[in-house]
Amino acid sequence: MKRFAILFSCFALLATPVLGSSRFKKQWQDKYVSADDVDSDFKSKVRKHGCYICHVDGEEKKEVRNEYGKAVNKFLTKKDYDEWVKADPEEAKKKIYAAFEKAGKAKSKDGSTFEDKIKNNKVPATDSGKE
């Protein structure tokens, strides 16, 4: 039983850093892909990209963001997120969605806004390292 407890504790400690990014991912997916009218191909692309909606495949996730991730990070950080959720989860959701909307106004390297790309069922970043 002790071994199980120790193993579980180690797993929990190792898994904790991922929670921050998976929280962002869940909020993003809730906003952009959870509706019934969202294109199924877009949903598939988003699932395929996962964390690489904001990060770069093959790079250290904690340190490297793609162009869309950099835009989002201007308006939303993990520290903000944690503080907002602790204070008021419903208000936090509004602030997080507002940050996504502000980031959406920024332009991608291809000249389109991230918002337009998402509306047209495209992943926002051109430099995620995913196809």
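Trainee: What share of the residues of the chain counts as buried, and what makes a residue buried?

Mentor: Of the 131 residues of the chain, 32% count as buried, a term that requires under 20% relative accessible area, whereas exposed means over 50% and partly exposed lies in between, all with a 1.4 Å probe and protein chains only. This is a predicted model, in which local features need pLDDT of at least 70 and side-chain atom pairs count only at pLDDT 80 or more, while totals for chains, interfaces and linings use all residues. Residues are numbered from 1 along each chain as its sequence is written, and side-chain values use heavy atoms, with hydrogens and water left out.

Trainee: How many helices and strands does the chain have?

Mentor: The chain has six helices and zero strands, where helices are DSSP runs of H or I with at least four residues, strands are E runs of at least two, and numbering starts at the N terminus. Read from that end, the order of elements is α-α-α-α-α-α.

Trainee: Why is Asn66 called buried?

Mentor: Asn66, which lies in the loop between α2 and α3, has a relative accessible area of 0% and is therefore buried. Leaving aside neighbours within four places in sequence, Asn66 is in contact (heavy atoms within 4.5 Å) with several residues, among them Tyr52, His55, Ala125 and Ser128.

Trainee: And why does His55 count as buried?

Mentor: His55, also found in the loop between α2 (40-49) and α3 (67-75), counts as buried because its relative accessibility is 11%. A polar atom of the His55 side chain lies 3.0 Å from the backbone oxygen of Val64, and, not counting residues up to four places away in sequence, His55 touches Lys61, Val64, Arg65, Asn66 and Ser128.

Trainee: What makes the packing of α4 with α5 a right-handed crossing, and which residues make the contact?

Mentor: Helix α4 (residues 78-87) and helix α5 (residues 89-104) pack at an angle of about 145 degrees, with their axes 6 Å apart. The contact is made by Tyr81, Trp84, Val85 and Ala87 of α4 together with Pro89, Ala92, Lys95 and Ile96 of α5. The crossing of α4 past α5 is right-handed, a label given when the near helix is turned clockwise from the far one by less than a right angle, anticlockwise being left-handed.

Trainee: Which residues have the most contacts inside the largest nonpolar core?

Mentor: They are Trp28, Tyr68, Leu76, Ile96 and Phe100, in a core of 25 residues; such a core is a set of buried Ala, Val, Leu, Ile, Met, Phe, Trp, Tyr and Cys residues joined through side-chain atoms within 4.5 Å. The largest share of this core, six residues, comes from α5.

Trainee: Why does Gln27 count as buried?

Mentor: Gln27, in helix α1, counts as buried because its relative accessibility is 15%. Beyond its neighbours within four places in sequence, Gln27 is in contact with Tyr81, Lys93, Ile96, Tyr97 and Phe100.

Notes
Axes are lines fitted to C-alpha atoms, for helices over the stretch in contact, and angles run from 0 to 180 degrees between N-to-C directions. A polar contact is a pair of N or O atoms within 3.5 Å; within protein, one must be able to donate a hydrogen and the other to accept it, and residues adjacent in sequence count only if both atoms are side-chain atoms.
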